[in-house]
Amino acid sequence: MKIKTENLQDTKNLANAFASSLCKKGLFVTLTGDIGAGKTQFIRYVLEFLKVDKKITSPSFVILNEYKCELFPIYHFDLYRLEEKGLNSIIPELRQYSKDNALTFIEWAQFAHDEIPKSSLRINVEYDEDNVDVRWFEFIDTENKNEAFLKELAKRIKS
Ligand SMILES: Nc1ncnc2c1ncn2[C@@H]1O[C@H](COP(=O)(O)OP(=O)(O)O)[C@@H](O)[C@H]1O
Ligand SMILES: [Mg+2]
């Protein structure tokens, strides 16, 4: 499923639909796409909607930010600055959070190789060639493990 957002408000609406489609089990989400595509912005809107209890910053320098909301713990990884050695230091967290009932976001998940569960939902964010405010958010369910979630999301986007 590929969704076009024309501006920040559209991305916010998409993030709200995403957040309200989540169930108590949470979701393991990987995000790919160039720098500045809108990965962090999307996550920020999701966390705003879920009313998390900590300031929402980009974890680029800290690798992992943790938040709480009523439903589940939330983990936001940004692996962009991780060297191979650094990755080893967060593997226990990656493994644990993929098993927990949690909402986990991983930016630059391609740097974590085999530590990402295959059933995760991937969001690929792309620029539009013609308009700087336009972005494309593609939701990719590689192993078809998140069909119910995507069906709910599609319903909420339409309404
Ligand atoms: N439609 C849009 N959706 C998301 N971000 C947008 C959009 N239009 C412009 N932007 C801007 O693009 C930038 C995206 O930055 P960021 O989310 O940090 O990117 P990434 O995390 O992918 O590197 C932000 O400055 C945001 O304001
Ligand atoms: Mg980012």
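**Entry 1: the sheet**

I began with strand S6 (residues 121-127) and strand S7 (residues 135-140), which pair in the antiparallel sense over six bridges; two strands count as paired if DSSP finds at least two bridges between them, and strands (E, at least two residues) and helices (H or I, at least four) are DSSP runs numbered from the N terminus. Within this pair I found Tyr127 opposite Arg135 in S7.

Before going on I noted that this is a predicted model, in which local features need pLDDT of at least 70 and side-chain atom pairs count only at pLDDT 80 or more, while totals for chains, interfaces and linings use all residues. Residues are numbered from 1 along each chain as its sequence is written, and chains are lettered from A and ligands numbered from 1 in the order in which they are written.

I then traced the whole sheet, which is open and has seven strands in the order S1-S7-S6-S2-S5-S4-S3, with mixed pairing. Strand S1 (2-5) and strand S3 (64-68) stand at the edges with a single partner strand each, so one side of each has no neighbour in the sheet. From one strand to the next the twist averages 20 degrees, where axes are lines fitted to C-alpha atoms, for helices over the stretch in contact, and angles run from 0 to 180 degrees between N-to-C directions.

**Entry 2**

S1 and S7 run antiparallel and are joined by four bridges, and Trp136 in S7 is the bridge partner of Lys4.

**Entry 2: Phe105**

Why does Phe105 count as buried? Phe105 counts as buried because it has 24 C-beta neighbours inside 10 Å; the cut-offs are 20 or more other C-beta atoms within 10 Å for buried, 12 or fewer for exposed, and partly exposed in between, with C-beta atoms placed from the backbone. Not counting residues up to four places away in sequence, Phe105 touches Val29, Leu31, Ile43, His76 and Phe77, contact being C-beta atoms within 7 Å. Phe105 and Val29 are 76 residues apart in sequence, yet 4.8 Å apart in space, C-alpha to C-alpha.

Leaving aside its neighbours within four places in sequence, Val46 is in contact with Ala15, Phe18 and Ala19. The buried residues of H2 include Phe42, Ile43 and Val46, and H2 is followed by Lys51, whose phi is positive, near 55 degrees.

**Entry 3: ligand 1**

Which residues come nearest to ligand 1? Of the 16 around ligand 1, these are Thr11, Gly38, Lys39, Thr40 and Gln41, a residue being near if its C-beta atom, placed from the backbone, lies within 6 Å. Helix H1 (8-21) and helix H2 (39-49) each supply at least two residues of this shell.

Note on methods:
Contact = placed C-beta atoms within 7 Å.
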